[in-house]
Every structure is written in C-alpha cells, then in structure tokens.
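This report walks through one protein model, sheet by sheet and helix by helix. Keep the sequence and the 3D view at hand as you read.

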Amino acid sequence: MTSLAPADGAARWVEADRLHLLHPQHHPADLADPILWVAGEGVDLIDAAGNRYLDALSGMWNLHLGHGRPELVAAAAAQMSRLAFATAYAGSTHPAVIALAERLAALAPPGIEAFFFTNGGSDATDSAIRTARWVWRARGRPDKTIILSRDLSYHGSTVGAASATGVAEFSDPFGPRLPGFARIAPPYPYRGLDGAGAAAALERAILDLGPDKVAAFIAEPVLGGGGGVIVPDADYFPRVREICDRYDVLLILDEVITGFGRTGRWFAAEHWGLRPDILQFAKGITGGHLPLGGIGVSAAIKRTLESVPAEARWWHGLTSSGHPVACRVALETIRIIADEGLVERSARLGARLLDRLRAGLADHPQVGEVRGLGLLAGIELVADRADRRRFPAAFDLAGRLRAALRAQGVVTRVVNDTLCLAPPLTIPEDRLDALADAVAAAIGTVF
Ligand code: PLP
C-alpha cells in the first residue's frame with residue numbers, strides 16, 4: 001500500500017500541499033500555519049507532532065460517531081469485498097441500496113416515502129431543485145420553476161446549490177446565479193427577525209413572484225454553515241408549511257447538518273411536527289466515514305414519478321447513486337445511532353452543553369447569545385452587548401478565536417461571528433464539560 005506515514009516528513013507534505021492541492025474555499029494565506037492531521041481516534045484528531053485536539057465540529061458536522069469506528073470499517077470492507085459497485089440505473093438494483101431506502105422510510109418524517117442517493121449535500125440540493133421543477137412540469141404546470149431560499153443559508157457549491165445559497169461570498173464571485181432563484185430573510189430571533197415576520201416574508205415573496213411561478217421553498221431547519229447555528233422560533237416552520245400548502249409550493253427541508261440525531265431528533269423536522277415534500281440529507285448518514293447524501297420525496301411526488309410515460313421520466317442520475325459501500329456504511333451508522341440511543345443522548349447532552357456554556361459565559365461582555373438544539377450549539381459574539389454591534393472585519397474574530405481554541409486543544413469553526421459546536425454524538429460527558437470550559441477559556445483569552 002502507498003505509505004502515508006508521518007515519518008515521510010510533515011514539512012514535505014505541507015510543501016507538496018502548497019504546490020499541488022486546491023482546498024475547499026482555497027486561499028494560500030490559510031496555509032501559513034496548517035495543521036497536518038495524520039489520525040483520528042474517538043472524538044480526537046491527532047496532528048503530525050502527536051498533539052491531540054478535540055474535534056468539536058465532528059469534522060465538518062458529519063462524524064456523528066467520532067473517528068474510525070471499527071464497525072464502519074468492517075461494514076465497508078465486507079461490502080467492498082462482496083460487491084464493490086453496481087449501478088442503480090434502470091433495471092439494476094442491489095440489497096445495500098434497497099435496505100437503506102427501506103430503513104430511511106421508517107426514520108424520515110411522516111409522508112417521506114422514496115429515496116434517491118447522491119455523493120453529498122450539494123448534489124442533494126441540485127437533485128431537490130431539479131425534482132421540484134420536474135414535478136410541476138409533469139403535473140402540467142411548467143411555469144412553476146422559481147426556487148425560493150433564504151439569506152444566510154448554505155446549500156452547497158454546485159451551480160444550482162450555490163444559486164440557492166444565501167451568502168454572497170459563496171455565489172457572487174463565480175458569476176451570475178442561475179435564473180429562477182429568489183431569496184428572503186430567515187428568522188433570526190437574536191437580531192429581531194421573528195418567526196411570524198419571516199413567515200410573512202415568505203408569503204409576500206410568493207405573492208410578488210406569483211404563485212404560478214414558484215416551485216419550491218428550500219430551508220435548513222437550523223441555519224448552519226452560512227448563518228452560524230440560528231435556531232428558528234417554534235412557530236416558524238408550522239407557518240411555513242401552511243403558506244406552502246396555500247400556494248402549492250413544495251417545501252424542501254435541507255437536513256444535511258441537522259439529520260441523524262444532531263438536534264436530538266432523528267430529523268429536526270420532528271421538533272415542529274413538520275412534513276416536508278422533499279427531505280435532503282448527507283454528512284451524518286455515514287458518520288462521515290464515506291461520502292453519501294440524498295433526497296427523500298413524499299408519497300405524492302412518488303405518485304407523480306410513477307404516473308408519466310417512460311419517455312417523460314425523471315431523467316436524473318449520478319454514476320455513484322446508491323453506491324453499495326456507502327449505503328452499507330450508512331446502514332451500520334444508523335444501526336449504531338439507534339442501538340446506542342444516540343438521538344436521545346444528543347438531546348440530553350445538548351441541554352447539558354448549553355447549561356454549562358451559559359453558566360461560564362453569561363456575564364461576558366462579548367457574548368451576545370448562546371443558543372442551540374441538541375448537540376448543535378452556537379455562541380454569537382458581539383463587539384458591544386448593549387447594541388449587539390458586530391465586529392469590524394479587520395478585527396478577524398474568526399482567526400483570533402481559532403488560534404485561542406487551538407491553544408486549548410479544540411478545533412471548530414466560526415461562522416458569521418458565531419463559534420459553532422457540534423461534537424460527535426458519542427462524546428464522553430467529561431469531555432463535553434471540558435469542551436464548554438475550554439470554549440469559555442478561549443473566549444477569555446481573546447477578550
Ligand atoms: N446543505 C447544507 C445544509 C450544508 O451544510 C452543506 C454543507 O455543509 C451542504 C448542503 C453541501 O454539502 P456538501 O458539502 O456535502 O456538498
């Protein structure tokens with residue numbers, strides 16, 4: 001096997017990285033002081049010098065079971081030996097993809113009945129968008145094509161997903177967004193945007209654009225990678241559902257971060273008894289051990305898919321849709337989450353994390369709000385607590401916090417002035433308490 005031993009020299013790896021690798025959201029300045037990860041164990045990442053860091057974002061919000069779960073390794077090896085690949089295109093199928101679809105049908109919010117698999121979250125967004133538009137065409141309403149999304153959302157980096165994404169930096173430098181997209185404000189309780197007002201903005205947008213033109217509304221249950229863990233008021237999504245029903249607009253729920261127990265429910269939709277028309281997922285479905293994502297569609301959409309002649313079919317597909325190895329690892333991930341009671345654990349430990357963070361940070365003048373749902377938490381920092389003023393960009397809040405956290409042995413991300421925490425659902429309780437204390441200490445060293 002090709003050797004990747006750190007004995008080959010950390011400096012050599014970093015140099016080769018500079019020469020030949022383009023990173024997601026690449027900029028060479030990020031390589032000034034990179035960490036070279038060589039191993040992961042449980043909730044820890046280990047660098048080339050042997051230092052351990054608590055992986056407080058579960059990789060990229062995806063390692064729900066922590067690093068290197070032996071059961072997932074065994075599941076991948078078993079499937080790769082028996083049937084490494086088989087296509088799920090027309091007339092071809094295999095047990096791993098069928099079993100996963102069947103299992104998801106039992107776990108997904110009520111009404112979600114059939115599943116299509118992608119390689120990750122961005123192509124899940126594209127699949128949802130294409131499906132929504134296709135459905136209205138198949139139902140004889142081809143003008144319903146507009147996709148409504150929200151400011152501060154993140155739905156991915158493909159052209160379609162980035163056109164829905166509500167953070168300017170992620171879309172605008174790459175030329176115009178695709179036609180047929182529009183955005184509205186999300187609820188942001190800390191900044192005075194409540195659920196009723198945000199829902200009213202949705203209704204206004206649908207009426208302005210014309211209900212006969214709007215295909216779907218896409219939203220993350222908790223704004224994550226673009227917003228920084230913004231939890232909506234309890235009445236927001238029920239109102240959204242009513243409005244979507246009133247105007248025949250499909251509701252796409254992007255549960256790429258929130259799925260598989262992250263918020264203390266299998267899917268965040270359960271918090272509000274919400275029935276989306278299309279459910280998106282990725283990340284935690286394999287505990288981050290392999291790339292996999294997908295969409296689930298309602299029984300009504302499934303009926304539309306089945307009602308058309310063969311030549312008018314849903315001509316959508318991906319080579320690796322339902323990849324057997326990824327599906328088998330997903331099944332094993334879901335088994336472990338269920339057998340170990342990790343969904344309930346996420347709810348319980350999430351409350352514990354928030355309590356401890358609030359106790360440690362309540363009086364800090366730069367802590368605006370501590371918020372969360374399950375093991376998904378955010379600490380929004382402000383330059384001035386009285387008027388909730390943001391930091392100027394030149395202050396480089398994210399860079400300062402990252403360095404301070406690193407000194408405390410913690411790695412995570414800062415989004416929109418919010419320090420985000422999403423540790424593995426398996427994190428031991430003493431490590432969780434230590435994380436809350438390390439975060440308070442890190443903020444204390446920056447201010
Ligand atoms: N949707 C949401 C809510 C996400 O958080 C992400 C990624 O962070 C995506 C979609 C895109 O997923 P991927 O990076 O797997 O393409």
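## The seven-stranded sheet

Seven strands make up an open sheet with mixed pairing, in the order β4-β10-β9-β8-β7-β5-β6. At its edges lie β4 (112-118) and β6 (181-184), each of which pairs on one side only. From one strand to the next, the twist averages 20 degrees. The model is predicted: local features need pLDDT of at least 70 and side-chain atom pairs count only at pLDDT 80 or more, while totals for chains, interfaces and linings use all residues. Residue numbers start from 1 along each chain, as its sequence is written.

Some terms first. Helices (H or I, at least four residues) and strands (E, at least two) are DSSP runs, numbered from the N terminus. Two strands pair if DSSP finds at least two bridges between them. Strands of a sheet pair through backbone hydrogen bonds, either parallel or antiparallel. Axes are lines fitted to C-alpha atoms, for helices over the stretch in contact; angles run from 0 to 180 degrees between N-to-C directions.

F217 stands opposite L251 in β8.

Helix α4 (residues 95-107) packs on the sheet and touches β4 and β10 (293-298). Its direction makes about 135 degrees with that of β4. Helix α9 (residues 236-246) also packs on the sheet, touching β7 and β8. The direction of α9 makes about 145 degrees with that of β8. Contact here means that the C-beta atoms of two residues, placed from the backbone, lie within 7 Å.

## Helices α8 and α9

Which helix runs alongside α9? The axes of helix α8 (residues 195-209) and α9 come within 8 Å and cross at roughly 20 degrees. That makes α8 roughly parallel to α9. Angles under 35 degrees count as roughly parallel, over 145 as roughly antiparallel, 65 to 115 as roughly perpendicular and the rest as oblique. The crossing of α8 past α9 is right-handed. A crossing is right-handed if the near helix is turned clockwise from the far one by less than a right angle, and left-handed if anticlockwise.

From α8, the residues G195, A196, A198, A199, L202, E203 and I206 meet Y236, R239, V240 and I243 in α9. By class, eight residues of this contact are nonpolar, one is polar and two are charged. Ala, Val, Leu, Ile, Met, Phe, Trp, Tyr, Cys and Pro count as nonpolar, Asp, Glu, Lys and Arg as charged, and the others, Gly among them, as polar.

## The four-stranded sheet

A second open sheet has four strands in the order β11-β12-β15-β14, with antiparallel pairing. Its edge strands are β11 (367-372) and β14 (413-415), and each pairs on one side only. The twist averages 25 degrees from one strand to the next. Three bridges join β14 to the antiparallel strand β15 (residues 418-421). V415 has T418 in β15 as its bridge partner.

Helix α12 (residues 342-361) packs on the sheet, touching β11, β12 (377-381) and β15. Its direction makes about 170 degrees with that of β11. Helix α13 lies across β12, β14 and β15, running at about 160 degrees to β14.

## Two partners for α14

The axes of helix α13 (residues 397-407) and helix α14 (residues 429-446) come within 9 Å and cross at roughly 125 degrees. That makes α13 oblique to α14. The crossing is right-handed. R400, L401, A404 and L405 of α13 make the contact with A442, T445 and V446 of α14. Five of these residues are nonpolar, one is polar and one is charged.

The axes of α12 and α14 also come within 9 Å, but cross at roughly 30 degrees. The two helices α12 and α14 are therefore roughly parallel. Here too, α12 passes α14 in a right-handed crossing. The contact of α12 with α14 has nine nonpolar, one polar and five charged residues.
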